[in-house]
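Work through the exercises below with the model open. Try each task before reading its solution.

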Amino acid sequence: MLIKGAPSATLKQMQKWAESKKATPLFIELANTFYILAEKIGIDPTVVYAQSAKETAYGRFGGVLDASFNNPCGMKTTQGGGNYDKSAHMQFNNWIDGINAQIDHLALYAGLSGYPKIDTTDPRHFPYLLSSAPHVEDLGGKWAANPNYGNDIVKMVQDIQSIKVEQEETKNTLKDLENHWAEEEIEFIVEKGELKGYDDNTFRPDQPLTRAEYCVLRARQLGFVKKKIISSIKPTVFILDPGHRVDTPGKRANGLLEYEFNEDVTRRTGKLLESHGEVYYTIETENHPYSEMTAEGRSKNLNFRTNNANQIYDKAIKEDKKVIFISMHANAASNPTASGYEIFVYKMGGEAHEIAKHIYNAAENILGVGNTIKSRRIKEANFAVLRNTKMPAMLIEHEFFTNVEAVKKLKDDDFRDLCAKHIKDGLVSYMA
Ligand SMILES: [Zn+2]
């Protein structure tokens, strides 16, 4: 069984399996995070989740660690130490960091391209481990001393794959019908499919019927079928991340503070997107919540942004909405002639890459990328806002403010409008 690869089971199967093993509610909830982060890297999420179940006893822990370590796999510190020594084990800042460490460690064993990585939360990212265990079975005697360690995980993964997930429950469980005088008649009509409940599982039996609703009802009774299938586009949530703040050191040249461009274009984009979905911003204040002068503060500030985004995501997926994250930037380089437009995604080939292609296309048509603006294409980057966000995420570098000619565009009001428009157009074309 290979460690790398696409998901070999669905998220629902992972969750149902964990439930069947009496996993803790936290461990069941984290299935989603495991799934998304592993899929982003190109590691089979079921392997990561099964390994974590083995290492944490399905989230119950019980060894020297507990859930407060945010450590999904008994990961030790760089120095290491005894299995029963608490201080020999990693305490991660949050579960995303912990799960990413496990994933990066597995990806290193599996020999994924791009590994070993320079920027990783894995404290034991030793280059000599590269490609030393491409198969789950190989982990025995390597990740853990027990020679059957890998085989045990293989069995757990096969368990997950065999979980049967019933079709989405379609039975109507309308909440507000009980004891209503027309309960049985309403249920009969709903079962016939002539009238439906609302999304919140209510029927609102005493609400009046409009003329339009009467027509729909009568048309259905007469056997009318819609000729054109109305596209079932999910409602979309856009999370916009204006890069940097006033207190970010550097990030200014040729009379432009990058923050000022990012903030302005973010707000213009948000305005345009309002008629296409819900719009949220990762940060609203002029300054960051923590000091930008220390590495710890900067890392907390990035976490602040990604945590805000992830909270919006968690709520949105419960409501079956689609979520897209875009971080807005202008570029800088020590070489003053550097110029051009580029989009960064965490990994090529995923949904973020797909969305980025649409935005890139719009950039060519609207901003003149490839013509009046140098084309720097779509690239991979290990940025925190791309790595630690649960939704498809991209970071756009519009032009270089360190370039005397390019900065004129970045300062220009019409150009900023076009920046906003190309993002909106790209997203709308992706969703169509
Ligand atoms: Zn920037």
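## Exercises

Asn179 sits in the loop between helix 5 and helix 6 (183-192); helices (H or I, at least four residues) and strands (E, at least two) are DSSP runs, numbered from the N terminus. The model is predicted: local features need pLDDT of at least 70, side-chain atom pairs count only at pLDDT 80 or more, and totals for chains, interfaces and linings use all residues. Residues are numbered from 1 along each chain as its sequence is written.

**Exercise 1. Is Asn179 buried or exposed?**

Step 1. Take the cut-offs: a residue is buried if 20 or more other C-beta atoms lie within 10 Å of its own, exposed if 12 or fewer, and partly exposed in between, with C-beta atoms placed from the backbone.
Step 2. Count for Asn179: 6 other C-beta atoms lie within 10 Å, so Asn179 is exposed.
Step 3. Check the backbone. Phi of Asn179 is near 65°, a positive value in a residue other than glycine.

**Exercise 2. Where is Asn70 found, and what does its neighbour count make it?**

Step 1. Locate Asn70 in the loop between helix 3 and helix 4.
Step 2. Read its phi, near 50°; this too is a positive value in a residue other than glycine.
Step 3. Count neighbours. Asn70 has 17 C-beta neighbours inside 10 Å, so it counts as partly exposed.

**Exercise 3. Which residues of helix 5 are buried, and how do they lie around the axis?**

Step 1. Get the dimensions. Helix 5 (residues 149-161) has 13 residues and reaches 19 Å from first C-alpha to last, close to the 18 Å expected at 1.5 Å a residue. The expected span is 1.5 Å times one less than the number of residues.
Step 2. List the buried positions: Tyr149, Gly150, Ile153, Met156, Val157 and Ile160.
Step 3. Look down the axis. These residues fall within an arc of 120°, so they line one face of helix 5. The arc is that of the directions from the helix axis to the C-beta atoms.
Step 4. Find the partners. The buried residues pack against helix 1 (11-20) and helix 3 (45-56); contact needs C-beta atoms, placed from the backbone, within 7 Å.

**Exercise 4. Which peptide bond is cis?**

Step 1. Check omega. The bond joining Tyr115 and Pro116 is cis, with omega about -5°.

**Exercise 5. Why is strand 8 described as largely enclosed, and which strands pair with it?**

Step 1. Count burial. In strand 8 (residues 393-400), 8 of the 8 residues are buried, so the rest of the structure largely encloses it.
Step 2. Find the parallel partner. Strand 5 (residues 322-331) pairs with strand 8 over 6 bridges; pairing requires that DSSP finds at least two bridges between two strands. Phe400 is the bridge partner of Asn331.
Step 3. Find the antiparallel partner. Strand 6 (residues 341-345) pairs with strand 8 over 4 bridges. Here Glu342 stands opposite Glu397.

**Exercise 6. What does Arg387 contact beyond its sequence neighbours?**

Step 1. With 22 other C-beta atoms within 10 Å, Arg387 is buried.
Step 2. Leave aside neighbours within four places in sequence. Arg387 then contacts Asn100, Tyr346 and Asn382.

Notes. Two residues are in contact if their C-beta atoms, placed from the backbone, lie within 7 Å.
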